[in-house]
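Visitor: I would like to learn how to read a structure of this kind, one feature at a time. Where do we begin?

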Amino acid sequence: MFLQRGSRALRSQWGASRAVGRVAVGKSPQSGVPRWFSESRRLYAVKPVLLADIGEGIVECEVIQWFVEPGARVEEFSPLCEVQSDKASVEITSRFTGTVKKLYYEAGEMAKVGKPFVDIDIQGAAADAADAPTAKEAAPATPAPAEVQTPAPAPVSPAPPAESPATPKPKGKGASISTPAVRHLSKELSVDINDVDGTGKDGRVTKEDILKFAQGRDASPGSSGAPAAAAPTDTSVQTETRQPLTQTQQMMFKTMSRSLTIPHFLYADEIDFSDLVSLRARLNKVLAKTPRDGEQPAKLSYLPFIIKAVSLALYQFPILNARVELDPAVNGGKPSLIMRSQHNIGVAMDAPQGLVVPVIKNVGALNIVTIAAELHRLQALAQQGRLTPADMAGGTITVSNIGNIGGTYLSPVIVEREVAILGIGRMRTVPAFDENDDIVKKQVCNFSWSADHRVVDGATMARAADVVRSVVEEPDVMVMHLR
């Protein structure tokens with residue numbers, strides 16, 4: 001009985017739906033499928049595309065530029081926009097084929113990971129083309145009586161066209177292929193990159209183009225750029241000017257604020273580089289005589305030796321390669337250590353867009369020359385602003401070489417999801433006593449370690465630092481650990 005009543009209810013609803021469809025399109029019952037069924041499907045044609053997670057711990061990123069605009073036709077995997085997150089830029093491609101309906105962010109705004117950033121009509125022009133014959137066929141049909149058409153509007157009426165905003169200036173070709181470092185310079189100088197004529201390959205805008213444009217704009221009395229700050233007439237009065245943080249500074253602000261919540265301690269040591277200086281000079285002579293392939297570096301710096309020494313120490317002290325897990329949903333909310341097998345060593349670099357930390361993966365399986373080649377590749381990408389999230393993800397411990405700029409001592413800050421970091425100071429020549437109490441010349445350098453005091457104690461850090469010191473001071477030991 002229950003099934004019979006349900007069946008009668010369904011037949012009654014179906015009959016009512018067919019009647020409404022006939023009234024809406026002004027056709028007889030024999031005219032086939034009502035038009036309102038076709039229109040209702042278009043409600044589900046627009047797909048919001050969510051901004052996917054493009055790196056560890058990234059919750060937002062800046063939209064650098066759009067490659068599309070509302071109404072543009074896109075194919076699957078065609079580029080939509082370029083975003084910059086954690087100082088690395090990445091191109092976001094379309095997951096669907098269709099027509100762009102809405103852009104949620106303007107260039108320069110912060111987009112949230114996991115939230116919609118563009119709407120795409122997956123039916124697009126195909127749906128409009130499918131509807132055109134139906135409207136044409138309906139035109140010669142005999143119109144329904146006025147008393148029938150007037151009280152029953154179509155169930156789904158097409159949305160009115162949105163008010164077209166002021167047409168933005170289209171981005172030129174030079175803007176779409178310029179590097180993030182060039183765009184960063186244009187922001188600092190308040191230059192609209194669309195106004196710059198690129199002189200690089202394929203119209204690429206270069207740094208020289210930005211600088212020349214800025215010089216010409218500032219020299220013009222009626223320049224349209226940002227007004228220069230007027231010099232104070234009275235220098236005895238203190239003046240303050242508000243300046244917003246750049247995108248790189250904002251990311252550093254957030255990252256360092258989270259990092260400084262980790263209770264850490266500093267451990268410093270002095271390393272004798274004399275033997276390493278001699279070994280490096282001999283190896284560079286060998287490299288100079290060896291035919292180079294595409295990846296082999298021209299010469300070795302000291303940093304690959306230090307990175308390898310840190311990796312050797314991690315085999316004896318794997319806790320320095322771990323991370324602290326504080327997820328309340330795991331292990332009953334109790335903190336735990338996540339041990340990691342690979343030594344992915346991040347290297348802090350000074351790039352045009354600011355501090356970046358690309359990662360050399362699986363250092364334990366690499367030799368000195370391979371480490372140097374990978375380091376050279378990452379440095380070149382950092383200078384061009386072309387580091388990807390993959391180049392900067394997965395670090396387990398970090399090395400920061402401030403000595404190439406000139407600092408001798410430093411207190412490095414631990415990176416999130418790591419428990420230790422090594423800061424390298426400037427190498428300097430000092431007089432010292434040898435075994436016979438004679439004064440000799442030595443090359444010394446200061447190593448400064450910071451460790452997470454929640455899980456690493458001072459004795460563990462001192463022993464690990466001593467392993468690194470012994471390997472650097474006697475670099476021939478690395479030969480016994482070649483893999």
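Visitor: Which residues does Ile 360 touch, not counting residues up to four places away in sequence?

Guide: Bear in mind that this is a predicted model. Ile 360 touches Ile 307, His 343, Asn 344, Ile 345, Val 347, Leu 366, Ile 371, Glu 374, Leu 375 and Leu 378, leaving aside residues up to four places away in sequence.

Visitor: How should I read a group of nonpolar residues?

Guide: In soluble globular proteins, nonpolar side chains tend to be buried together. Here the largest nonpolar core has 55 residues. Ile 360 is among those with the most contacts inside this core, along with Phe 273, Val 310, Phe 447 and Trp 449.

Visitor: Which helix gives the most to this core?

Guide: H10 does, with 9 residues. Another core lies apart from the largest one; this other core has 20 residues, including Ile 54, Ile 58, Val 83 and Val 100.

Visitor: How do I read the length of H10, and what span is expected?

Guide: Compare the end-to-end distance with the span expected at 1.5 Å a residue. H10 covers residues 303-316, which is 14 residues, and its first and last C-alpha are 21 Å apart, close to the expected 20 Å.

Visitor: How many residues of H10 are buried?

Guide: Look at relative accessible area, where buried means under 20%. In H10, 12 of the 14 residues are buried, so the helix is largely enclosed by the rest of the structure. Among the buried residues are Ile 307, which Ile 360 touches, and Val 310. Lys 308 and Ser 311 are also on the buried list.

Visitor: What share of the protein chain is buried?

Guide: Of the 483 residues in the protein chain, 36% are buried. The chain exposes about 28,200 Å², and carbon and sulfur atoms supply 56% of that area.

Visitor: What does the chain contain in helices and strands, and how much of its contact set is between residues 24 or more positions apart?

Guide: There are 13 helices and 18 strands. Among contacts with a separation of 6 or more, 63% are between residues 24 or more positions apart.

Visitor: Which backbone angles deserve a look?

Guide: Check for positive phi in residues other than glycine. Phe 77 has phi near 75 degrees and sits in the loop between strand S3 and strand S4. Asp 437 has phi near 65 degrees and sits in the loop between strand S17 and strand S18.

Visitor: Is Phe 77 buried or exposed?

Guide: Phe 77 counts as exposed because its relative accessibility is 60%. Asp 437 is exposed as well, with a relative accessible area of 60%.

Key. Residues numbered from 1 in each chain as written. Predicted model: local features only at pLDDT ≥ 70, side-chain atom pairs only at ≥ 80, totals over all residues. Heavy atoms only, no water. Helix = DSSP H or I, 4+ residues; strand = E, 2+ residues; numbered from the N terminus. Expected span 1.5 Å × (residues − 1). Buried < 20%, exposed > 50% of the residue type's maximum accessible area, 1.4 Å probe, protein only. Contact = heavy atoms within 4.5 Å. Areas by Shrake-Rupley, 256 points an atom, 1.4 Å probe, with all protein chains shown as cover. Core = buried A, V, L, I, M, F, W, Y, C linked by side-chain atoms within 4.5 Å.
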